[in-house]
Amino acid sequence: ASDSSTATAPVQPTGWTKIGTTSHSNLSTAVYEKTVAAGDPGSSVSVSFGSSVPGSLLLADYSNAVGSPIEASATANSTGTSHTAPPLGGLNAGSWVVSYWTDKSTPTKANPASWTAPAGETQRAVEVASGTGVNTALLADSAGPVSGSYPGQTATTTQSSGSATQWTIALNVAP
């Protein structure tokens with residue numbers, strides 16, 4: 001969940017665990033995890049904020065995650081149109097790596113925002129909008145198992161941003 005304020009944090013969804021938060025300028029991002037339980041499929045997930053702020057939310061569901069699903073994570077911040085998610089090292093054999101980028105920009109209908117995922121990663125979700133100070137986001141992953149280290153991945157957007165955050169998250173998966 002991302003929002004255009006560092007003073008208003010998202011309220012943690014019930015039953016979810018916070019992995020971490022990061023902020024850059026006037027953008028704040030929080031990542032949560034949850035192991036799916038029997039009654040979860042088809043249920044809704046609510047994320048709220050303490051006040052009215054522009055925000056974005058992407059929900060990803062990865063099957064075959066085992067043990068503690070999050071093996072490692074790292075964050076980075078940037079500005080402009082090129083945003084690099086940080087590298088990760090020391091990964092177990094067969095890890096699956098997820099990259100997440102979000103920014104705050106001011107796209108218009110005449111000049112809409114769009115994201116381009118890095119070569120070698122598979123785009124899984126994108127959220128764009130138009131207006132003043134909106135959040136846009138992109139989620140992509142390694143599309144297969146990796147081992148050892150995973151280089152930082154760079155996504156680009158058509159809108160220059162003064163505040164962007166990036167995440168790289170490695171998942172433990174069953175062989």
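Buried means under 20% relative accessible area, exposed over 50%, and partly exposed in between (1.4 Å probe, protein chains only). This is a predicted model: local features need pLDDT of at least 70, side-chain atom pairs count only at pLDDT 80 or more, and totals for chains, interfaces and linings use all residues. Residues are numbered from 1 along each chain as its sequence is written, and side-chain values use heavy atoms, with hydrogens and water left out.

**View A. The K34 and D40 salt bridge.** D40 is partly exposed, at 22% relative accessible area. K34 is also partly exposed, at 29%. Their side chains meet in a salt bridge (2.5 Å, N to O). The term needs a side-chain nitrogen of Lys or Arg within 4 Å of a carboxyl oxygen of Asp or Glu. By this rule there are two salt bridges.

**View B. The D141 and R124 salt bridge.** These side chains meet at 2.8 Å, N to O. D141 lies in strand 11 (residues 134-141) and R124 in strand 10 (residues 122-127), so the pair ties together parts 17 residues apart in sequence. Strands are DSSP runs (E, at least two residues), numbered from the N terminus. D141 is buried, at 0%. R124 is partly exposed, at 45%.

**View C. T168 in strand 13.** T168 sits in strand 13 (residues 153-173). T168 is buried, at 1% relative accessible area. Its side chain reaches the backbone oxygen of P86 at 2.6 Å. Not counting residues up to four places away in sequence, T168 touches residues including A72, L88 and Y150. Contact means heavy atoms within 4.5 Å.

**View D. V66 in strand 7.** V66 belongs to strand 7 (residues 65-85). V66 is partly exposed, at 35%. V66 and L171 are 105 residues apart in sequence and 8.3 Å apart in space, C-alpha to C-alpha.

Terms used. Helices (H or I, at least four residues) and strands (E, at least two) are DSSP runs, numbered from the N terminus. A polar contact is a pair of N or O atoms within 3.5 Å; within protein, one must be able to donate a hydrogen and the other to accept it, and residues adjacent in sequence count only if both atoms are side-chain atoms.
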